[in-house]
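Subject: Structure handover

Hi,

Here is the structure we talked about. My notes follow below it.

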Amino acid sequence: MFFRGQLNDYGLLPRHFSHFTGIVAYPFLHGSWAHLISNLVSFSVLGYLVSRSGLARLIAVFMISWAGSGVGVWIFGRMHFHVGLSGIIYGLWAYLLVYAVMYRSLKSIAIAVIVMFLYGSMVWGFIPAHSWVSYESHFFGAVAGVLAGYIFARRDKQRELVT
């Protein structure tokens, strides 16, 4: 806001090697205060729910979602600057839902019900309704979250069977 949108030039610009650093920078850049605040609120709630399985799990799911959404948008995204934390938020969201379906513990299912109650409308973020919304970031973040949920649920089930 202080730089009047000039920092958005450091966002993720698909298929431009000169903007490859945007994969690192884009989650920290936002188009408006409303965009920043809505992303921070969603990230705080979903991040807290993921952290119920430990800080290491939150960091792992965060990084997987960041990498998955960033690389996916860089390869397949529309040719404009993508900014915001929403790809990672969609990764956390999808992780919580898939983990609950795969792991099937009372705790994970209760968390998934809460997530669907609070954030069920996020499914509309996959539809390219507005040109200024990076639905690609939402999609690839969710794909990364699905992958993380599947992998971690299988691993946790295996550990449970061994002990």
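At what angle do the axes of helix H2 and helix H5 cross, and how close do they come? First, the ground rules. This is a predicted model, where local features need pLDDT of at least 70 and side-chain atom pairs count only at pLDDT 80 or more, while totals for chains, interfaces and linings use all residues. Residues are numbered from 1 along each chain as its sequence is written, and side-chain values use heavy atoms, with hydrogens and water left out.

**Helix pair**
The axes of H2 (residues 33-51) and H5 (residues 106-119) come within 11 Å and cross at roughly 170°. That makes H2 roughly antiparallel to H5 (angles over 145 degrees count as such). Axes are lines fitted to C-alpha atoms, for helices over the stretch in contact, with angles from 0 to 180 degrees between N-to-C directions. Helices are DSSP runs (H or I, at least four residues), numbered from the N terminus.

On the H2 side, Val41, Ser42, Val45, Leu46 and Leu49 take part. They meet Ile111, Ile114, Val115, Leu118 and Tyr119 in H5 (contact means heavy atoms within 4.5 Å). By class, this contact has nine nonpolar, one polar and no charged residues. Ala, Val, Leu, Ile, Met, Phe, Trp, Tyr, Cys and Pro count as nonpolar, Asp, Glu, Lys and Arg as charged, the others, Gly among them, as polar.

**Largest pocket**
The volume is about 490 Å³, taken as the space filled by probe spheres set on the grid points. A pocket is an open set of points on a 1 Å grid where a 1.4 Å probe fits, with protein on both sides within 12 Å along at least five of seven lines; lining residues have an atom within 4 Å of a point. Of the 23 lining residues, His35, Asn39, Ser86, Val133 and His138 are closest to the centre. H2 gives the largest share of the lining, four residues. The lining has nine nonpolar, 14 polar and no charged residues.

**Single residues**
- His138 lies in helix H6 (residues 135-162). It is buried, at 8% relative accessible area (buried is under 20%, exposed over 50%, partly exposed in between, with a 1.4 Å probe and protein chains only). Beyond four places in sequence, His138 contacts Ser86, Tyr90, Gly125, Phe126 and Val133.
- Ser108, in H5, is buried at 6%.
- Arg104 sits in the loop between H4 and H5. Arg104 has a positive phi of about 60° although it is not a glycine, and is exposed at 63%.

Best wishes

Terms used. Helices (H or I, at least four residues) and strands (E, at least two) are DSSP runs, numbered from the N terminus. Angles under 35 degrees count as roughly parallel, over 145 as roughly antiparallel, 65 to 115 as roughly perpendicular and the rest as oblique.
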